[in-house]
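The following report concerns a single protein chain and is intended for computational work. Please consult the sequence and coordinates alongside the text.

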Amino acid sequence: PQGGPARVGRPAGPILLAALEPGDGLGMFGGSVKQVLRAGDRVRAHFQNRYNEKSTATDVGTLLQFTTGEAEVHFDDGAVQCVSKTWIAERLSAWDLDLAPGDLAHAHYASGKGRTLGTDMGVVLAVLEGGRVRIRFQDSIMQTIPMGWVEQVIRLQPGDRVMSCFKVNDGRGAKSLKTDMGSVLQVSSEEVHVVFDDNVEQNVAKTWVAQRTRNWDLVVEIGSVADVHFEVGDDGRRSSSTDIGIVMTSCVEGRVTVQFQDTIQQTVPLGWIARIREWGPGDRVQAHFKTGGGDKSNDTDVATVLFVSLLEAELYFDDGIQQCVSKAWVTERIRNWSAEVPELAVGDVVIAHFKRPGNHCRSVQTDRGIILSMLPKGQVSIMFQDDVTQVIPKGWLEAMATRWSGQREKLVQDEDPTGSASDTITKTRQRPGPITGPTSGAPDCVICMDAKPNGVIVHGETCHQSTCFSCAKRLHRNGDTCPICREPIDTVCRLHGE
């Protein structure tokens, strides 16, 4: 420190660990400025001179721990002192890293009496009380340092991609001078099992890992479709490109078995998975298809996903052909249907594509229709405006026009001042009429919205009257539930006198 006498060492005696809360220390940060200081923070503080008085100058140090009125500071010249909290002039940087034994850390270390300017790689051996941590550095020297001296933490896990030194002379020699790229298979307290891209496996010291180039953050399950690197050549080295494959097994010792598009299976390191391809029923995809001989086509076509099993996906192609193909044949998702269209229910009015007469191809244009029933394998039954009912893939639905929520919904056109109908369509809601008879006014079957609600839906000892008799019979025939209460339909009948 400049401008003051030398400091004395820390006083003896234990100090309880506590946090320095806002307002502790009057005027510590310029009066109105309040901060929360924690162990590990880098601060500028006054220190005790040789007369045990407050110094005129300040110096940089690391906070270790606190008592009610004091803070223990490890100054960068190696001196450790307990000083009044009011002596802390400012916080230079906050420390918020999470340390645990086995972590790989870039940390400053003690050289002579002071803190080094540069950092070195080490393995955390123990996190101690009093804001300290014990680390073994690359040269096997162990030091107990303030945990605030740790600048970066790397917690290795299976799947991580790393640049690491390796053992020369077929794994029997010393540490190599250069590094090579590899994937982490397993991690122990002080070693890491790495398979390098030339398919050589070695257990090396954690401190030999120079850099983590990719943190493994993917969720891989059996049946996941992924872009995966594969083994090439006689030595089984890692390919530079990826292929689409299906994960066949859970991760065992950092490896998974993958089946690729050509049905070849390989057991590869978890870190060779580049990305997960996410798609499901309703999504629009680009996929290969089966040719006349059942082989994989060279080209791809657009299809809608109906159903997904462990290895296969049932697709409805836009040309009207329905096939079950390998999930690895799906090359791209072009529409995330579930993210764009809300959850569907019977009675919803939707805008959808339809099957063209004859070849059942997907139409280019759309039409408005009412959902009559939700079917398995990603299909819905819809009655369109021309009273034609079709079963189509739910991925053909483009948008929701009117949400059915157990109440009647009537579309009304507002009149503009000139007397012509405006383009704005508003929705008015009213509660269902009593079951003793139809409501007065315009016909309003909740399904077709074009007939009187003269159908009575019976379920147990109760019934609801909200649809016309034709729509009620259709709901009963299709096995759908009551559109009002979602109870199973026992029978339907026509209102007496209708």
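Beyond its neighbours within four places in sequence, arginine 161 is in contact (heavy atoms within 4.5 Å) with Met181, Gly182, Ser183, Asp197, Gln211, Arg212, Thr213, Arg214, Arg238, Gly271 and Trp272. The model is predicted: local features need pLDDT of at least 70, side-chain atom pairs count only at pLDDT 80 or more, and totals for chains, interfaces and linings use all residues. Residues are numbered from 1 along each chain as its sequence is written, and side-chain values use heavy atoms, with hydrogens and water left out.

Arginine 161 lies in strand β13, residues 161–164 (strands are DSSP runs of E, at least two residues, numbered from the N terminus). Its relative accessibility is 6%, so arginine 161 counts as buried (under 20% relative accessible area, 1.4 Å probe, protein chains only).

Elsewhere, five strands form an open sheet in the order β33-β32-β31-β30-β34, with antiparallel pairing (pairing requires at least two DSSP bridges between two strands). Strands β33 (389–393) and β34 (397–402) are at the edges with a single partner strand each, so one side of each has no neighbour in the sheet. Strand β32 (residues 379–384) pairs with β33 over five bridges in the antiparallel sense, and serine 381 stands opposite valine 391 in β33.

The average pLDDT (the predictor's confidence in each residue, from 0 to 100) is 83, and 84% of the residues score at least 70.

| Stretch | pLDDT | Contacts beyond near neighbours in sequence |
|---|---|---|
| Residues 1–31 | under 50 | 74 contacts |
| Residues 407–442 | below 50 | 65 contacts |

Definitions and conventions: Helices (H or I, at least four residues) and strands (E, at least two) are DSSP runs, numbered from the N terminus. Buried means under 20% relative accessible area, exposed over 50%, partly exposed in between (1.4 Å probe, protein chains only).
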